[in-house]
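This briefing is meant to be read beside the sequence and the model, and it is grouped by topic. Please keep both in view while going through the points.

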Amino acid sequence: MTYNASGRQVNSSGAPVLPPVIKIIALASFAAALSQRALDPVLPHVADDLLVTVAVAAGLSSALAFTFAIVQPVLGAAADMFGKARLMIVCLVLLGIASILGAMTTNYSLLLATRVLAGIGAGGVFPVTLSLTSDLVGPQLRQVALSRVMAGAMTGTVLGSTAAGVIGDVFGWRGVLVILGGVAILASIAVAIGFKGAAIIAPAGKADFGKLARGYKVIFRNPNTLIVYSAVFIEGCCILGLFPFISSFLFDGGVTSLSIAGIVIACFALGGLLYTATVSRMLARLGINGMMIWGGILIAIQVAATAFGPHWQIQALSLLIMGWGFYMLHGSLQIFSTELSQEARASAMSLHACCFFLGQSVGPIAYGFGLAHAGKVPTLLISAALVFALGFFSARFLKQRKPADAGN
């Protein structure tokens with residue numbers, strides 16, 4: 001393999017190529033994603049078994065997302081100082097153990113506690129995979145490389161949601177947690193073997209808290225920081241916050257099969273895979289601003305369509321289109337986050353994930369309040385309007401800027 005002056009891998013003609021290790025990083029994101037939304041298709045059964053309402057059971061998703069969010073500053077700093085790959089492996093093990101423990105709980109409070117632990121485990125995987133990918137791939141191919149890593153997460157979400165519905169019909173919601181938790185532990189072993197001997201598994205060096213503080217200063221001096229972090233918070237709230245209610249909407253429409261609920265939810269991730277297959281062509285045609293605008297438009301239309309309770313087949317198609325639009329918008333926002341700082345990229349991406357998952361933790365609560373007090377149609381139409389405006393706002397105010405700590 002040939003390398004250029006900056007250490008990036010290139011082909012015989014000097015054009016940059018994606019390093020093979022991206023496949024291992026994608027595997028880590030796949031394993032973490034399997035369990036993150038595993039309970040969404042089976043929430044009605046969790047609620048019945050533990051004698052709580054569906055709205056209360058949706059708090060399990062909020063607990064994982066909130067924990068994922070608040071641990072990000074710590075985990076991002078740990079990744080920058082002690083090594084990204086090693087942190088991913090440890091957190092995959094934690095995610096698997098927490099899921100298995102959740103299957104053994106006998107009341108809602110204990111299950112909630114295990115989802116908090118799962119949130120810590122998941123929190124050390126996905127955002128770190130993004131920062132590690134950004135370290136290894138230059139700006140020219142970075143959005144394509146990130147789309148490959150996101151494809152791993154999206155495939156995990158597809159299989160996680162779909163498998164959760166099927167497993168839930170056969171073994172119940174406890175079986176879902178045991179099986180997917182076991183997969184996370186096995187994946188941690190596979191990733192450890194894949195990274196064995198790789199230079200990037202080694203710690204970055206001696207802990208330097210002064211360097212960490214300087215990194216945060218660089219991040220928050222960047223004019224894009226407040227805009228991009230606010231944007232991903234709204235994304236998490238308005239888009240991902242809707243997901244715990246999808247299965248109950250289907251139940252209200254007479255569709256009680258957990259397998260169908262899992263398939264419908266999984267279509268969102270299938271839309272993400274469609275994005276992965278088309279991102280190079282769309283980026284060349286629309287540019288990053290056009291991607292954000294059209295992503296927001298596609299999402300808004302589908303959220304509005306969900307408000308009117310379409311048949312499950314139409315809902316599945318709608319979520320597929322929503323997923324395509326979501327990753328058009330979110331993938332573009334990720335690019336801006338990777339360029340907030342070069343030396344503290346893991347911290348920047350962890351703060352990005354923090355804001356995104358804080359939105360996901362607030363979203364179910366906001367939707368629950370809106371559904372209870374305003375009704376389904378007004379609540380979802382307001383959410384659709386916010387996302388529609390978000391695409392235009394992001395395209396208008398986010399500007400390509402070189403990180404202040406980037407070398408010449």
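Three helices, α11 (224–238), α15 (345–373) and α16 (376–397), each supply at least two residues of the lining of the second largest pocket, where helices (H or I, at least four residues) and strands (E, at least two) are DSSP runs numbered from the N terminus. The model is predicted, so that local features need pLDDT of at least 70 and side-chain atom pairs count only at pLDDT 80 or more, while totals for chains, interfaces and linings use all residues. Residues are numbered from 1 along each chain as its sequence is written, and side-chain values use heavy atoms, with hydrogens and water left out.

**Pocket and cavities**

- The second largest pocket holds about 160 Å³ of space, and α15 gives the most to its lining, with five residues.
- Among the residues that line this pocket are C237, C238, G363, Y367, F369, T379 and L386.
- The terms rest on a 1 Å grid over the protein atoms alone: a cavity is a set of points where a 1.4 Å probe fits but cannot get out, a pocket is an open set with protein on both sides within 12 Å along at least five of seven lines, and lining residues have an atom within 4 Å of a point.
- Grid points are joined across faces, edges and corners, and a volume is the space filled by probe spheres set on the points.
- A search of the whole structure finds two cavities of 30 Å³ or more, and about 360 Å³ of space lies in the largest cavity.
- The lining of the largest cavity consists of 25 residues, of which Q36, F126, Y327, F356 and F357 lie nearest its centre.
- Two or more residues of that lining come from each of α1 (21–36), α8 (126–136), α9, α13 (258–306), α14 (312–338) and α15, and α15 supplies the largest share, six residues.

**Cysteines**

- Zero disulfides are found in a search of the whole structure, a disulfide being a pair of cysteine sulfur atoms within 2.5 Å.
- For C237, the closest cysteine sulfur belongs to C238 and lies 4.9 Å away, which is too far for a bond.
- C237 is buried, with a relative accessible area of 14%, and C267 also counts as buried, at 10% relative accessibility; buried means under 20% relative accessible area, exposed over 50%, and partly exposed in between (1.4 Å probe, protein chains only).

- A163 lies in helix α9 (residues 139–195) and is partly exposed, with a relative accessible area of 23%, while its C-alpha is 7.9 Å from that of V176, 13 residues apart in sequence.

**Nonpolar surface patch**

- V93, I97, L101, M104 and L117 make a nonpolar surface patch of about 420 Å², and helix α6 (residues 84–103) contributes the largest share, three residues.
- Patches are made of residues with over 30% relative accessible area and no salt bridge, with like charges joined within 9 Å and nonpolar side chains (Val, Leu, Ile, Met, Phe, Trp, Tyr) within 5 Å; accessible areas come from the Shrake-Rupley method with a 1.4 Å probe, and for residues only the protein chains shown count as cover.
- L101 lies in helix α6 and counts as partly exposed, at 40% relative accessibility.

**Individual residues**

- L51 has a positive phi of about 60 degrees although it is not a glycine; L51 is placed in the loop between α2 and α3 (54–57) and counts as exposed, at 76% relative accessibility.
- T338 lies in helix α14 and counts as buried, at 0% relative accessibility, and the C-alpha atoms of T338 and H352, 14 residues apart along the chain, are separated by 9.2 Å.

How values were computed
Salt bridge = Lys/Arg side-chain N within 4 Å of Asp/Glu carboxyl O.
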